[in-house]
Amino acid sequence: MPPIETIGTAIGAAIGAPPDWDAMDISVPSPALRLPGVGMAGFSQRVPAPMGISMVAHPSVTLLIDLSDGDGFVYDNHGRTGRGSAVIGLLPGELRASGRFGTCLQIRLQPALATAVLGSSAELSGTMVPLADVWGRPADGFEGRLRAAGSWHERFAIATEAIGRRLDTSPRVDPEVTHAWRRTLARRGRVRVEGLADEVGWSRGRLCARFRSQLGITPKRAARLVRFDHAAHLLAAGRPAADAAIAGGYVDQPHLHRDVREFTGLTPTAVARAPWLAIDDVAWPDTWPAASRTRA
């Protein structure tokens with residue numbers, strides 16, 4: 001098996017233009033370089049081009065390592081702007097990215113692991129911050145090593161080693177909180193907080209308090225985020241909003257509309273066209289089950 005898999009597909013082209021599915025290569029690490037709860041994908045625009053995209057919330061903490069030449073990415077999150085490599089916490093809300101896109105490494109961390117890798121995923125919820133503010137002084141060296149690497153295989157190896165080292169030396173969240181999060185993912189958000197508390201042997205209040213202090217959101221809000229993520233992928237797969245709402249566990253279509261607006265600031269139609277969402281099943285083959293998958 002080759003060290004990485006490169007898929008001829010694209011994320012976006014000029015600002016306002018529809019995605020050009022032949023303009024970008026997506027590379028994923030080999031199984032030997034994959035860590036449980038950690039997803040990685042490399043994006044390389046064959047001819048660097050300007051683009052603008054809306055980021056769609058999903059149930060993980062994201063590291064975007066900007067390896068492009070020149071000015072790179074510019075982010076706007078509720079009127080707060082940033083440039084270059086960044087960390088995006090859970091529930092960032094209306095997040096837009098623009099700039100001249102060239103090369104990027106995206107790392108997705110399950111929130112329980114983000115606490116160990118980054119210090120505290122709770123402090124990141126609802127925010128987007130520069131990577132250096134979270135990673136500390138080693139951020140420049142980490143990014144420099146990634147830029148100097150000669151292949152995506154080498155970049156994935158560098159990232160795996162750096163994340164693994166932090167996991168080995170950092171405290172973890174409570175196993176009960178980890179269990180509740182995993183059950184929420186497995187059930188696609190169709191869980192009751194009382195049931196999760198019973199499973200781990202805690203009171204509802206204790207689970208809510210520990211979950212929020214360690215992951216930054218309540219168990220109920222986590223379930224809403226996971227449910228929204230499932231419905232968003234159904235929309236991207238071409239399901240009508242009414243069908244996606246019912247299949248995703250919503251009471252009705254207006255219920256889905258409210259969550260879409262709250263989590264992204266978009267409409268269901270805009271979410272269905274979101275470029276990043278459209279390639280989730282390709283970039284994250286072990287994380288995002290897809291209704292259909294095509295590869296060049």
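This is a predicted model: local features need pLDDT of at least 70, side-chain atom pairs count only at pLDDT 80 or more; totals for chains, interfaces and linings use all residues.

Q: Why is helix α8 called roughly perpendicular to helix α10?
A: Helix α8 (residues 219–236) and helix α10 (residues 253–264) pack at an angle of about 105 degrees, with 10 Å between their axes. Angles of 65 to 115 degrees count as roughly perpendicular, so that label goes to α8 and α10.

Q: What makes up the contact of α8 with α10, by class?
A: There are six nonpolar, two polar and five charged residues in it. On the α8 side you'll find, among others, Arg 221, Leu 225 and Phe 228, and they meet a set in α10 that includes His 255, Asp 259 and Phe 263.

Q: How do you know which strand β5 pairs with, and in what sense?
A: Two strands pair if there are at least two bridges between them. β5 (residues 73–77) and β6 (residues 80–83) have four bridges, in the antiparallel sense, so they count as paired. Asn 77 stands opposite Arg 80 in β6, and the two strands form a hairpin with two residues between them.

Q: How do you know where the buried residues of helix α3 lie around its axis?
A: The buried ones are Ala 139, Phe 142, Glu 143 and Leu 146. Their arc around the axis is only 90 degrees, so they sit on the same side of α3. The face turned away from that buried side carries the exposed residues Asp 140 and Ala 148.

Definitions and conventions: Residues are numbered from 1 along each chain as its sequence is written. Side-chain values use heavy atoms; hydrogens and water are left out. Axes are lines fitted to C-alpha atoms, for helices over the stretch in contact, and angles run from 0 to 180 degrees between N-to-C directions. Angles under 35 degrees count as roughly parallel, over 145 as roughly antiparallel, 65 to 115 as roughly perpendicular and the rest as oblique. Contact means heavy atoms within 4.5 Å. Ala, Val, Leu, Ile, Met, Phe, Trp, Tyr, Cys and Pro count as nonpolar, Asp, Glu, Lys and Arg as charged, and the others, Gly among them, as polar. Buried means under 20% relative accessible area, exposed over 50%, partly exposed in between (1.4 Å probe, protein chains only). The arc is that of the directions from the helix axis to the C-beta atoms.
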